[in-house]
Amino acid sequence: MAYRVVQYENGRLHVLDQTVLPHQENFVELENLAQVEHAIRTLQVRGAPLIGVTAGFGVCVGLKELPDDTPADQVRSRGREVVERLSRTRPTAVNLFWALERMAAVLAGLDGPNWRSALDAEAEAIFRETLDQDARMADHGMQLLSAGERAITHCNTGPLATGGGGTALGVLIEAHRRLGGLHVYADETRPRWQGAHLTTWELMRHGVPHTLICDNMAAALMRTRGVDSVWVGADRIAANGDTANKIGTYGLAVAARHHGVPFYVVAPTSTIDPALESGEGIPIEERDPAEVSAPGGHRISPGDTPVWNPAFDVTPAELVSAIITEQGVFRGPEYDFRRPPSEE
Ligand code: MRU
């Protein structure tokens, strides 16, 4: 069942506000740069590919106030500021920087009066490519699933995370459509509950049978009920296959290895950072302690309890059975993404 996640039309950017799902479906306009920054920081839009798509359109929104006849050097100079500000919104998902580099390259090459259409065209190309990559990842991922499979997923990696078909959850939704009989266990994904709020909503919308579990139930589920596979997305994949994804992913991978359950990562090539040799170099975002100590504004620990709140963790490549990109299925434990697979 289709729902709109992001839309850019006549210079106006609208996004589905993911902070109020599943209770409200609010399609809001991001009218200026500050609103785009706020939307990315507060997770109104989230998920690595969608952050990249939003940043691409965000550059166009950030330049909206300039008149059409602004000289190219002034557009370039304001454009650099916009790109710089957007690059400070979230540090881990490399798709943000990948999209901003593409927009910066167009800005650098501007020389005529058609600067607005050139930037719009690049942002739209980023979006279109994302949609296409999602469809191809679903085709490749399908090879690893069979009818009746019981799969666990973590965080949210469906259409809400990309604006297209999704990555890991996109594979599961498509597999259910084509093969049938899948059952998906969704980790609730503390502290921001992307699994509880978003993944269950998407599974329901797509008619996929599912069960919500707390993050700390996954190992017990594998031991007692049996699970056939684990499917997650990624925010940044280093050249050796080490994978940063939502906090809790690493623990899930350890449990999967212990129980002999294959662990699959699904991500487009734009999530690969070939410049990073290993996961040690991946910057991990740390978020507001209140997300842990006062979820939804409701305090659950004494006021002065110290909190550690990393938004992501790194799963070592040796625990990843395969990485599925739009280019195909890359099986581990040895990966070599020193050049993105599309260039091989
Ligand atoms: O903090 P979020 O909600 O942006 O984190 C999202 C994730 O960790 C996803 O698993 C990842 O971005 C892959 S999305 C296709």
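The ligand sits in the largest cavity of this predicted model, where a cavity is a set of points, on a 1 Å grid over the protein atoms alone, at which a 1.4 Å probe fits but cannot get out, and a molecule sits in a cavity if more than half of its atoms lie within 2 Å of its grid points. Domain 1 (6-134) and domain 2 (137-334) both give residues to the shell around the ligand, so the ligand lies between them; these bounds come from an automatic or database domain assignment.

Of the 17 residues around the ligand, those that come nearest are Arg46, Ala48, Arg90, Asn245 and Lys246, a residue being near if one of its heavy atoms lies within 4 Å. Polar contacts (pairs of N or O atoms within 3.5 Å) can be followed one by one: a backbone N or O atom of alanine 48 is 2.8 Å from a ligand oxygen atom, and an N or O atom in the side chain of lysine 246 also lies 2.8 Å from an oxygen atom of the ligand. The protein covers 100% of the 410 Å² of accessible area that the ligand has on its own, as computed by the Shrake-Rupley method with a 1.4 Å probe.

Turning to the backbone, a cis peptide bond, with omega about 0 degrees, joins arginine 190 and proline 191. Another cis bond runs from glycine 332 to proline 333, with omega near 10 degrees. Most peptide bonds are trans.

Residues are numbered from 1 along each chain as its sequence is written. Local features need pLDDT of at least 70, side-chain atom pairs count only at pLDDT 80 or more, totals for chains, interfaces and linings use all residues, and side-chain values use heavy atoms, with hydrogens and water left out.

Technical notes. Polar contact = N/O pair within 3.5 Å; in protein donor to acceptor, adjacent residues only side chain to side chain. 1 Å grid on protein atoms, 1.4 Å probe; cavity = no way out; pocket = protein on both sides within 12 Å on 5 of 7 lines; lining within 4 Å.
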